[in-house]
Amino acid sequence: MSYRPQEEEDGQSLVEERVREPQRYAVFLHNDDYTSMDFVVDILRSIFRKSPQEATRIMLAVHEKGIGRCGVYTQEIAEAKVFHVTQKARAAGFPLRCTMEPD
């Protein structure tokens with residue numbers, strides 16, 4: 001947490017105002033019996049900008065553990081990623097589920 005002083009015209013500090021980092025959210029993919037592994041890797045590469053190796057590692061976590069953490073983002077970015085994953089999955093005919101929760 002950092003502080004940003006408010007200053008008068010003469011440069012003197014009047015009040016210290018707390019400046020907080022925005023809340024961060026983790027985004028997850030959930031396993032299902034229908035979405036292909038290749039599609040999950042494609043999602044991870046195209047929407048989450050993961051390398052082929054990282055995308056494969058997360059896809060295997062989704063497949064083996066039932067859930068995989070894709071990244072941590074501000075609320076607006078996390079919401080957008082969840083929306084785009086869901087939209088792309090439905091357009092391809094897959095029930096892939098993507099969620100977010102406070103980190």
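The axes of helix H1 (residues 37-46) and helix H2 (residues 52-65) come within 9 Å of each other and cross at roughly 130 degrees. H1 is therefore oblique to H2; angles under 35 degrees count as roughly parallel, over 145 as roughly antiparallel, 65 to 115 as roughly perpendicular and the rest as oblique. This is a predicted model, in which local features need pLDDT of at least 70 and side-chain atom pairs count only at pLDDT 80 or more, while totals for chains, interfaces and linings use all residues. Residues are numbered from 1 along each chain as its sequence is written, and side-chain values use heavy atoms, with hydrogens and water left out.

**Helix H1 against helix H2**
- On the H1 side, the contact (heavy atoms within 4.5 Å) is made by Met37, Val40, Val41, Leu44 and Arg45.
- On the H2 side, Pro52, Ala55, Thr56, Ile58, Met59 and His63 take part.
- The contact of H1 with H2 has 8 nonpolar, 2 polar and 1 charged residues (Ala, Val, Leu, Ile, Met, Phe, Trp, Tyr, Cys and Pro count as nonpolar, Asp, Glu, Lys and Arg as charged, and the others, Gly among them, as polar).

**Helix H1 against helix H3**
- H1 and H3 pack at about 145 degrees, and their axes are 11 Å apart (axes are lines fitted to C-alpha atoms, for helices over the stretch in contact, and angles run from 0 to 180 degrees between N-to-C directions).
- The crossing of H1 and H3 is right-handed.
- Phe39, Asp42, Ile43 and Ser46 of H1 meet Val85, Lys88 and Ala89 of H3.
- By class, the contact of H1 with H3 has 4 nonpolar, 1 polar and 2 charged residues.

**The sheet and the helices across it**
- An open sheet is formed by 3 strands in the order S4-S3-S5, with antiparallel pairing (two strands pair if DSSP finds at least two bridges between them).
- Strand S4 (67-74) and strand S5 (97-102) are the edge strands, each pairing on one side only.
- Strand S3 (residues 24-30) pairs with S4 over 7 bridges, and Leu29 stands opposite Gly68 in S4.
- H2 lies across S3 and S4, at about 130 degrees to S4.
- Helix H3 (residues 75-91) lies across S3, S4 and S5, at about 140 degrees to S4.

**Aromatic pairs**
- The whole structure holds 2 aromatic pairs (rings of Phe, Tyr and Trp, its six-membered ring, with centres within 6.5 Å).
- The ring centres of Phe39 and Phe94 are 4.8 Å apart and the planes are at 40 degrees, so this pair is tilted (under 30 degrees counts as stacked, over 60 as edge-to-face and the rest as tilted).
- Phe39 is in helix H1 and Phe94 in the loop between H3 and S5, 55 residues apart.

Technical notes:
Helices (H or I, at least four residues) and strands (E, at least two) are DSSP runs, numbered from the N terminus. A crossing is left-handed if the near helix is turned anticlockwise from the far one by less than a right angle, and right-handed if clockwise.
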